Amino acid sequence: MKPDSVRTKHGFDMVDGTQEVFRLLLDALANPGRPVDLSVQINQFATNGCWLAPALTLLDNETGFYWDGLPEVSEEIRFLSGAAQVPLEKADFVFIDTNFITRSEITHVFSLIKSGTHRDPHDSALVFIAAGGKADQSITIKGPGVPPEGRNVPLSAAEADWVKARDALCFEYPCGVEMVFLREDNSLLAVTRKAVVTWPM
């Protein structure tokens, strides 16, 4: 353990651990639709590792986050990161547990999430979504970070609902949001703002 390292009560190293998670997150965003395994980092937490690993990597006392899920998890994120919980429309980072949101609410949530402007496209949110369930349908993704022929991406029904809602809003590039699905197998799967999605006929 490095002298300047800090460990949480779960054993996650706040220096080395967050660097590892950051590299894996960048890998997921650079390769839309390709799962990236986060098991080692998540398993360093006693509980809630799928949320805490990315949250402690990205949040600090100068960032705001929105949480939709069990209140004790948001309190743990706030305590360990020092970040403030803010309204959805002001959050730089959004964490959503789909057990606490209905399908009909997804479009409304997207309409409030920061999606940047043509002048300031970077003023947009990174959205983490835990949408469990068995992958029962597939989409094809094309765009930067994807082979020319496209990438086939199996999705669960809940994940598909979020991608459909994103597509329905027709964000005009460079506006949009980056979505990262936190999956039951402890992997990350990103659908970036540049990703063009084709649905099966």
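Rings of Phe, Tyr and Trp (the six-membered ring of Trp) are taken as paired if their centres lie within 6.5 Å, with planes under 30 degrees apart counted as stacked, over 60 as edge-to-face and the rest as tilted. The model is predicted, so local features need pLDDT of at least 70 and side-chain atom pairs count only at pLDDT 80 or more, whereas totals for chains, interfaces and linings use all residues. Residues are numbered from 1 along each chain as its sequence is written, and side-chain values use heavy atoms, without hydrogens and water.

Because Trp51 belongs to helix α3 (residues 49-58) and Phe95 to strand β4 (residues 93-97), the pair ties together parts 44 residues apart in sequence. Helices (H or I, at least four residues) and strands (E, at least two) are DSSP runs, numbered from the N terminus. Ring pairs link Trp51, Phe65, Trp67, Phe95 and Phe128 into a cluster.

Trp51, at 5% relative accessibility, counts as buried, as does Phe95 at 0%; buried means under 20% relative accessible area (1.4 Å probe, protein chains only). A nonpolar core is a set of buried Ala, Val, Leu, Ile, Met, Phe, Trp, Tyr and Cys residues joined through side-chain atoms within 4.5 Å. The largest such core has 30 residues, of which Leu59, Ile77, Phe95 and Phe128 touch the most other members. Helix α3 supplies the largest share of this core, 6 residues.

Conventions. Buried means under 20% relative accessible area, exposed over 50%, partly exposed in between (1.4 Å probe, protein chains only).
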